Amino acid sequence: MTHTIERRDFVMGLFALPAFAVIASTARPLFGAESAARTLVVVHLAGGNDGLNTVIPIHDPNYARLRPALSLAARDTLAIDGQMALHPGLGGFKKLYDSGQLAIVQGVGYPSPDFSHFRATEIWEAGDPNGGVSGWIGRFLDETRERRGLRAVALSNEQPPLALASSSSPPVTIDDPRDFTLPANAGMLRTMYADSARQGGTRAVVGEAGLETFDAASKISNLRQGSSAGYPPGELSTDLRRTAELIGSGIGIEVVHLSFGGFDTHVNQLGKHNQLLTQLGNAFAAFQEDLRRRGLSKQVASVIFSEFGRRPAENFGGGTDHGSAGPVFVIADGVRAGLHGQAPSLASLDNGNLVFTTDFRSIYAGLVRDCLRADPRAVVPGAVPLALF
Amino acid sequence: MGSHDVGHLLRRTGFGPSPHEFEAFASLGFERAVDRLVDGLSQPPAPDPAGFNPYLPGAITSGWMERMRSSETPLAEKLALFWHGHFATSLRKVDDPRLMWRQVATFRTLGGGRFSALVGAVSRDPAMIRWLDGNSNRKGAPNENFARELMELFTIGRGNYSERDVREAARAFTGWGAETTGFVLRAEYHDTGPKTVLGESGNFDGDDVVRIITGRPECARFISAKLIAWFSHPDPSESEIAAAASVFARSGGKIADVVRHILLAPAFRSAASYRSLVKSPVEYVVGAIKVAGLASVPAWTVEMPGKMGQTLFAPPTVKGWDGGRAWLAAGAMLERFRFAARIAPDARDAGGTIALGFDGVVPPGVAAVIDRVTGADRVALALSSPEFQLN
């Protein structure tokens with residue numbers, strides 16, 4: 001699908017720049033001479049995270065008015081400035097915020113938001129409000145196809161995410177890297193797949209997929225396992241520990257894609273959301289500490305998004321329904337820590353939903369430029385990079 | 001017919017040959033064989049086994065895999081799998097395995113009949129109604145989820161309708177809800193006012209919308225192209241689509257007639273079609289169980305398609321599984337090799353399994369390797385080979 005740059009998108013991209021950000025060209029020298037390209041960890045909070053109870057406009061009277069049952073009291077939350085506070089479960093994020101490792105981009109979305117999980121996820125993963133068949137990471141891989149290594153991995157036992165769909169680099173999904181080992185007959189299998197790769201049609205496709213698998217598995221075979229000490233229990237925590245092991249093995253990984261589900265809190269939200277955010281915060285605090293121990297903290301950045309936020313007004317089931325804009329988090333040693341962009345207004349809603357203030361593509365563009373060290377123009381055309389580093 | 005054609009036909013119309021099926025079909029001519037398979041669609045499906053309980057863990061997955069393995073009418077199961085990927089509904093939201101099982105039973109029973117009747121049944125299907133929010137589609141506050149997917153993914157495809165058509169169609173389905181017991185029409189929520197859908201106007205309800213969209217030429221083309229890519233070969237040509245779509249139109253949308261046409265078209269038996277499709281995980285696992293001559297689906301294999309990226313009853317999105325190259329991600333490939341190594345010792349007869357798996361002729365690139373080993377190791381390599389990943 002071709003992307004046409006609409007004037008509206010361009011204007012929104014400009015508007016997305018925080019007041020204190022330096023408007024920079026793609027040619028400027030990037031965050032200090034010591035930092036080469038970083039590995040980017042992309043985390044999808046699947047189901048639609050309730051952004052309003054994550055980064056909370058705690059003193060806005062509209063917040064308590066819209067949420068008689070779900071609003072949190074200021075004394076229970078973790079204040080980050082005079083207006084905004086973090087959910088009490090996010091103690092791990094507060095620690096990262098205080099040590100200068102957490103950037104929070106507020107009110108992130110795109111024009112004409114979609115409220116379907118699938119369509120909205122497709123839009124985020126494609127990096128295009130029209131959706132599409134290639135992923136934003138996939139286009140980055142295509143743009144930099146000369147780079148070598150096992151470049152992008154999804155930790156999943158499902159189909160590869162659309163974000164990684166590329167025309168040059170077959171997707172690699174791994175459930176557990178410690179388990180990603182070659183079978184005993186791998187040598188003979190390789191001979192068969194190499195033969196198949198030399199033939200035509202679908203035989204070549206399956207042959208190449210096999211060879212790709214053997215390459216990936218032999219690279220991962222010297223995985224530098226680490227300790228799980230400090231990681232809390234939970235699925236995201238396990239995936240982040242695996243991510244640190246993969247990145248630490250020095251096999252050329254540039255992107256790791258993770259999904260952390262359960263955020264579709266239509267009913268009885270308070271307890272469930274607290275569990276999810278507690279794991280999110282503590283897992284990332286442990287991950288950053290693990291990276292520091294491995295001497296990798298300056299080489300890795302993480303971006304955390306959800307396909308949409310939830311409606312400001314709570315529903316009658318103690319939960320919230322699908323909404324629009326939400327916060328995006330960027331975690332790195334060396335990030336421009338703090339709040340970026342504007343918190344969306346609770347006073348002027350669009351059909352009951354938040355109006356976005358930062359276009360998600362400006363974050364992608366900033367990450368492609370300053371973290372993955374590539375030209376963002378082919379990856380997210382028309383987007384103005386948000387300076388996060 | 002030759003063993004090449006027998007294997008090809010049974011892989012495409014089912015889950016590959018068992019030793020017994022291979023013998024039964026080898027004695028038939030190709031057209032007789034196609035007739036037998038397609039005519040099987042009008043037979044009533046076998047009842048569920050006594051004591052079948054969809055609420056037991058894994059029951060619906062193992063129950064369906066066992067049907068795929070043992071069905072006397074494999075084409076009905078293959079079409080049910082096609083429609084499961086087409087009207088892709090997930091247990092993760094429906095949250096009731098009995099409703100998922102019922103939906104697949106509908107695909108099995110109606111999958112070869114008139115497309116309009118199938119879409120009508122899907123519009124009333126409780127799992128679909130939960131999946132695409134039919135219960136919240138009410139007069140004055142229509143939920144467009146079902147109406148949009150109905151046009152975009154289920155019948156005519158993107159580019160053949162407007163946003164207004166979606167909104168108007170959603171109004172026609174207002175009040176079409178579901179309880180755990182079944183479909184309910186909630187008259188107080190139904191919008192009885194006039195609507196205009198794809199240029200036709202009237203006080204439409206959901207059945208009228210189904211009639212209008214399934215009668216469109218775009219629908220005949222959309223469904224025909226997808227059926228050719230499922231049964232015959234990827235990327236069908238314009239003229240192939242037009243020929244199948246005209247069978248669709250002439251027959252009043254009878255899916256069995258379109259399938260028969262696709263199987264009898266010259267392209268189906270061409271070299272370009274043979275082994276041109278990547279087996280989905282469930283086709284791979286059930287196919288291996290069948291060529292190995294096993295008498296039932298082993299319990300440990302039930303979770304294998306999920307590990308390879310295809311959890312039955314839980315497609316990743318309403319678009320279903322992408323299929324093709326997407327089945328061959330690295331982690332999924334390793335799972336295929338592990339499965340092959342584990343099932344190989346259970347094969348009834350190593351030589352017979354290998355002959356059946358390769359339609360009697362082991363490809364040279366495979367033969368050169370498997371001849372270095374013996375017994376179960378040979379079977380493991382054969383089932384892991386690139387050729388065996390293809391349908």
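Predicted model: local features only at pLDDT ≥ 70, side-chain atom pairs only at ≥ 80, totals over all residues.
Good morning. In this model, 33 residues of chain A are in contact with 35 residues of chain B.

On the side of chain A that touches chain B, the elements giving two or more residues are β7 (172-174), α6 (186-197) and α7 (201-220) of chain A. Which of these gives the largest share? It is α7(A), with 12 residues. Sorted by class, this side of chain A holds 16 nonpolar, 12 polar and five charged residues.

I turn next to a pair of helices in chain B. Helix α10 (residues 145-155) and helix α11 (residues 163-172), both of chain B, pack at an angle of about 125°, and their axes are 8 Å apart. That angle is why α10(B) is described as oblique to α11(B). The crossing of the two helices, α10(B) and α11(B), is right-handed. On the α10(B) side, the contact is made by A147(B), R148(B), L150(B) and M151(B). On the α11(B) side, the contributors are D165(B), V166(B), A169(B) and A170(B). By class, this contact of α10(B) with α11(B) has six nonpolar residues, two charged residues and no polar ones.

How many of the 10 residues of α11(B) are buried? The number is seven, and the helix is accordingly described as mostly covered. The buried residues of α11(B) are D165(B), V166(B), E168(B), A169(B), A170(B), R171(B) and A172(B).

Now to the strands, beginning with chain B. Strand β1 (residues 176-179) and strand β2 (residues 182-185) of chain B run antiparallel and are joined by four bridges. A hairpin leads from β1(B) to β2(B) through two residues. In this pairing, E179(B) stands opposite G182(B) in β2(B).

I close with two loop residues. N351(A) is not a glycine, and its phi is positive, near 55°. N351(A) belongs to the loop between β11 (338-340) and β12 (358-359) of chain A. In chain B, R275(B) likewise is not a glycine, and it has a positive phi of about 55°. The loop that holds R275(B) lies between α15 (255-264) and α16 (281-291) of chain B.

Are these residues buried or exposed? N351(A) counts as exposed because it has 6 C-beta neighbours inside 10 Å, and 12 or fewer is the cut-off for that class. R275(B) counts as buried because it has 23 C-beta neighbours inside 10 Å, where the class requires 20 or more. Thank you for your attention.

Technical notes. Residues numbered from 1 in each chain as written. Chains lettered and ligands numbered in written order. Axes fitted to C-alpha atoms, helices over the stretch in contact; angles between N-to-C directions. Parallel < 35°, antiparallel > 145°, perpendicular 65-115°, else oblique. Left-handed = near helix turned anticlockwise from the far one by under 90°. Contact = placed C-beta atoms within 7 Å. Nonpolar A, V, L, I, M, F, W, Y, C, P; charged D, E, K, R; others polar. Pairing = 2+ DSSP bridges.
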